[in-house]
Amino acid sequence: MASATSTENSTKEIETEILPAIRVYKDGTVERLMGSPMVPPSLEDPQTGVSSKDIVISNDPSISARLYLPKSTQSPPNKLPILVYFHGGGFFIESAFSFLDHRYLNLIVSQANVVAVSVEYRLAPEHPLPAAFRDCWQALNWVTSHSNSNHTEPWLHDHGDFGRIYIGGDSAGGNIAHNVALRAGAEALDGNVKILGAFLSHPYFWGSEPIGSEPNEGSLHLHVRVWNLVYPSAPGGIDDPTINPCAPGAPSLATLGCSKLLVCVAGKDRLRDRGVWYYEAVKNSGWQGQVELFEVEDEDHAFHIYNSQTENAKYMITRLASFLL
């Protein structure tokens, strides 16, 4: 599939659309109607002092990333934690190179004093799931491969502490972080590196049976429609374990491959009850790690990314930074 302009699409027949976000045409072209603009990396961000650069992880499949380095590394006394971050956007919009994610990562890297790798994974519907899961697993292995000096990315090799590897993501990226952590519990990473912690911020989970205050809209619900768009071949549909971690046959949450977990929810978010449900499920699974729930009550989905200068957003980012120790 290929992206196309609105003018080119004015006479085309629509296959499916999820407004106001995306429209897919019968000839295979895709029109993304939302998403922040792409921005270049910066040698030293004027607000935070964080430097960033773009690198290629793989040409086939196409996986790249934006790396971030805090200002403190100009005279590095110690190695820093490494955050491998997965952006949100429903698996079909946004980018590691978008304005919103670039601003957000600059803030986290500055406050947490970490080296960050924001993964540019392939998007649906051109590349349906599980492509993004596989891309992010491959990107994480590329990062951990630097622990044995087989690769020479200096920002990782010179400044990263491979005993303090974190993964994290917002919305769809939170879902990816969960699935990557599960895989890490069953399969060794390159260099036999272990994930110390994971944060799941406003994670995109769902299922056929409503929980809490969720409406009973079945296949008409937005989250179901998005899932059917991005993973049409999911073996279990909306109850596939990749979207419903407690579905019958799902891997045990006790096998999560990290030592600590932070689940973040927002009080006005339609995904809020699923996040709390996931936290409770992990807590009661027999998992041997430490799990925490963090809620900001009077905010909506991904508020800290869209409006990063509000007091609640600063509170949220500070909490994330304090987790990355």
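Helices (H or I, at least four residues) and strands (E, at least two) are named here as DSSP runs, numbered from the N terminus. The views below show a predicted model, in which local features need pLDDT of at least 70 and side-chain atom pairs count only at pLDDT 80 or more, while totals for chains, interfaces and linings use all residues. Residues are numbered from 1 along each chain as its sequence is written, and side-chain values use heavy atoms, with hydrogens and water left out.

**View 1. The second largest pocket and the helices that line it.** Helix H3 (131–144) and helix H5 (172–186) each give at least two residues to the lining of the second largest pocket, and the largest share, four residues, comes from H5. A pocket, on a 1 Å grid over the protein atoms alone, is an open set of points where a 1.4 Å probe fits, with protein on both sides within 12 Å along at least five of seven lines, whereas a cavity is a set from which the probe cannot get out; lining residues have an atom within 4 Å of a point. This pocket has a volume of about 280 Å³, where grid points are joined across faces, edges and corners and a volume is the space filled by probe spheres set on the points. Its lining holds 14 residues, and Phe 133, Asn 179, Val 180, Arg 183 and Thr 242 lie nearest the centre. By class, the lining divides into eight nonpolar, three polar and three charged residues, where Ala, Val, Leu, Ile, Met, Phe, Trp, Tyr, Cys and Pro count as nonpolar, Asp, Glu, Lys and Arg as charged, and the others, Gly among them, as polar.

**View 2. The packing of H3 against H5.** H3 and H5 pack at an angle of about 60 degrees, with their axes 10 Å apart; axes are lines fitted to C-alpha atoms, for helices over the stretch in contact, and angles run from 0 to 180 degrees between N-to-C directions. That angle makes H3 oblique to H5, because angles under 35 degrees count as roughly parallel, over 145 as roughly antiparallel, 65 to 115 as roughly perpendicular and the rest as oblique. On the H3 side the contact (heavy atoms within 4.5 Å) is made by Ala 132, Phe 133, Cys 136, Trp 137 and Leu 140, and on the H5 side by Asn 175, Ile 176, Asn 179, Val 180, Arg 183 and Ala 184. These contact residues comprise eight nonpolar, two polar and one charged.

**View 3. The packing of H2 against H9.** Helix H2 (residues 99–112) and helix H9 (residues 311–323) pack at an angle of about 55 degrees, with their axes 9 Å apart, which makes H2 oblique to H9. The crossing of these two helices is right-handed. Tyr 104, Leu 107, Ile 108, Gln 111 and Ala 112 of H2 make the contact with Ile 317, Thr 318, Leu 320 and Ala 321 of H9.

**View 4. The largest pocket.** The largest pocket has a volume of about 720 Å³, and among the 28 residues that line it, Gly 89, Gly 90, Ser 171, His 301 and Tyr 306 are the closest to its centre. H2, helix H6 (222–230) and helix H8 (303–306) are the elements that give two or more residues to this lining, and the largest share, three residues, comes from H6.

View 5. A cis peptide bond, with omega about 10 degrees, joins Leu 19 and Pro 20, and Pro 20 is found in the loop between strand S1 (14–18) and strand S2 (22–25). A cis peptide bond also joins Asp 60 and Pro 61, with omega about 5 degrees.

How values were computed: A crossing is left-handed if the near helix is turned anticlockwise from the far one by less than a right angle, and right-handed if clockwise.
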